[in-house]
Amino acid sequence: QVQLVESGGGEVQAGGSLRLSCAASGSIFGANLMRWYRQGLGKQRELVATITIRGGTDYADSVKGRFTISRDNSKNTVYLQMNSLKPEDTAVYYCNARPMLGPQYGMDYWGKGTLVTVSS
């Protein structure tokens, strides 16, 4: 069982920055595909950013150039640096892990989410 705990959410004014963290346990972190999703009020959950085992990254068009996903395998932690925040970035942000090795291969695990509110 993989446990994920997000932190770093809060309220910020438009144009500001936040850094989200997601601490993982219960698996070989370096073997996890890690993703950040978000869900705004009344909206479907959407994929924001992905980082592969080898450190390759991918982003939703809406956040490209503003958000950066990174991972520190020594700390079992994935980060989401969010700059130039906009009111439309307001959402609950969820960390997702998908082990690519071992008995948990291919299963999706989720954190409980952290709320980001961007005021105009």
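Tyr59 is found in strand β6, which covers residues 57-59; strands (E, at least two residues) and helices (H or I, at least four) are DSSP runs, numbered from the N terminus. This is a predicted model, in which local features need pLDDT of at least 70 and side-chain atom pairs count only at pLDDT 80 or more, while totals for chains, interfaces and linings use all residues. Residues are numbered from 1 along each chain as its sequence is written, and side-chain values use heavy atoms, with hydrogens and water left out.

Tyr59 has a relative accessibility of 18% and so counts as buried. Buried means under 20% relative accessible area, exposed means over 50%, and partly exposed lies in between (1.4 Å probe, protein chains only). Neighbours within four places in sequence aside, Tyr59 is in contact with Val48, Ala49, Lys64, Phe67, Thr68 and Ile69, where contact means heavy atoms within 4.5 Å. Of these residues, Val48 lies eleven residues from Tyr59 in sequence and 5.8 Å from Tyr59 in space, C-alpha to C-alpha. Towards Ile69, the side chain of Tyr59 reaches the backbone nitrogen at 2.9 Å.

The next feature is a covalent link. A disulfide is taken as a pair of cysteine sulfur atoms within 2.5 Å, and by this rule the count is one. It joins Cys22 to Cys95, with an S to S distance of 2.1 Å. The pair links distant parts of the chain: Cys22 is in strand β3 (residues 18-25) and Cys95 in strand β9 (residues 91-99), 73 residues apart. The torsion about the S-S bond of Cys22 and Cys95 is about -85°, so the disulfide is left-handed. Cys22 is buried, at 0% relative accessible area, and Cys95 counts as buried at 0% relative accessibility.

Technical notes:
Polar contact = N/O pair within 3.5 Å; in protein donor to acceptor, adjacent residues only side chain to side chain.
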